[in-house]
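Please report on the local contacts in this model.

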Amino acid sequence: ATDEAFVRRRLLVHSGDLYRASAIESARRDLLTAGVFTQVSVAADPKPDSQGHVPLTFQFRERRLHAAGVTAAYSSDLGASFGVNWLKREISGVADPLSLSASVINLGGGTASNGIGYDLNGSYQIPDWKLRGQTLQFDAGALRQSLDAYDQTAVKTGVSVRRKLSRLWTVSVGITAACERIVQESPPDPVVSADVGCTRNIARP
């Protein structure tokens, strides 16, 4: 279940604020963007209390904690693939999702593939990291495939920080590391490489 302290930190309205219907609606919509609620409603008492305050009650309907799915695809050059994915929307009650996926690739029937491979990926996000609207994300993955031209085995990791500047603009910066081994069919000499890189992106959705 979502931690109440997280919801209170996330709220855009606070005790003592001037009553404005537009601000209350903005707070309600913002809570929906956390990704863990299917419905957020607000009820205001019909009249102020003895101190002139209008109590507000936020009510939530949480999304299912887990989600899973399957994928399947086919291409004439790489053959068939089959995968499963799994999502846990919260790990510690602060809308911090963990997603995992695993695919078996090059299952056969492709003109450019020589054997079965795999593609594994995982991602974990921490919202409102250090600052509101700022997300820390960890990624990891592994790939193995055997093609006519080469055999490839790779492992990659990365960490990035994404910050929402406005309703339209988002900026992200991160660092990635990868280790890769490629064996070419001709000549059959393995090539091992390790890379560390930085990424920066400014996007308008």
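Predicted model: local features only at pLDDT ≥ 70, side-chain atom pairs only at ≥ 80, totals over all residues.

Residues are numbered from 1 along each chain as its sequence is written, and side-chain values use heavy atoms, with hydrogens and water left out.

**Salt bridges**

The structure holds six salt bridges. The term means a side-chain nitrogen of Lys or Arg within 4 Å of a carboxyl oxygen of Asp or Glu.

| Pair | N to O distance |
|---|---|
| R10 and D128 | 3.3 Å |
| R29 and E25 | 2.9 Å |
| D30 and R132 | 2.5 Å |

Take R10 and D128, which meet through their side chains. R10 lies in helix α1 (residues 4-10) and D128 in the loop between β6 (113-126) and β7 (134-147), so the pair ties together parts 118 residues apart in sequence. Helices (H or I, at least four residues) and strands (E, at least two) are DSSP runs, numbered from the N terminus. R10 counts as buried, at 11% relative accessibility. D128 is partly exposed, at 24%. Buried means under 20% relative accessible area, exposed over 50%, and partly exposed in between (1.4 Å probe, protein chains only).

D30 and R132 form another salt bridge. D30 sits in helix α2 and R132 in the loop between β6 and β7, so this pair links parts 102 residues apart in sequence. D30 is buried, with a relative accessible area of 16%. R132 is partly exposed at 34%. Shared partners join R10, D30, D128 and R132 into one salt-bridge network.

R29 and E25 are both in helix α2 (residues 21-32). They are four residues apart, about one turn of the helix. R29 is exposed at 53% relative accessibility. E25 is partly exposed at 29%.

**A buried aspartate**

D96 is found in the loop between β4 (79-88) and β5 (98-105). What is the nearest side chain of opposite charge to D96? It is K88, 8.6 Å away. D96 is buried yet has no salt bridge. Lys and Arg count as positive here, Asp and Glu as negative; His and the chain ends are not counted.

D96 does have polar partners. Its side chain makes a polar contact with the side chain of S92 at 2.7 Å. A polar atom of the D96 side chain also lies 3.0 Å from the backbone nitrogen of I91. A polar contact is a pair of N or O atoms within 3.5 Å; within protein, one must be able to donate a hydrogen and the other to accept it, and residues adjacent in sequence count only if both atoms are side-chain atoms.

Leaving out residues up to four places away in sequence, D96 touches K88, R89, E90, I91, Y124, Q125, I126 and P127. Contact means heavy atoms within 4.5 Å.

**Nonpolar surface**

V70, F82, V84, V104, L107 and I116 make a nonpolar surface patch of about 540 Å². Patches are made of residues with over 30% relative accessible area and no salt bridge: like charges are joined within 9 Å, nonpolar side chains (Val, Leu, Ile, Met, Phe, Trp, Tyr) within 5 Å. Accessible areas come from the Shrake-Rupley method with a 1.4 Å probe; for residues, only the protein chains shown count as cover. F82 belongs to strand β4. F82 is partly exposed, at 44%.

**A loop glycine**

G108 is in the loop between β5 and β6. G108 is partly exposed, at 32%. Beyond four places in sequence, G108 touches Y74, G79 and A80.
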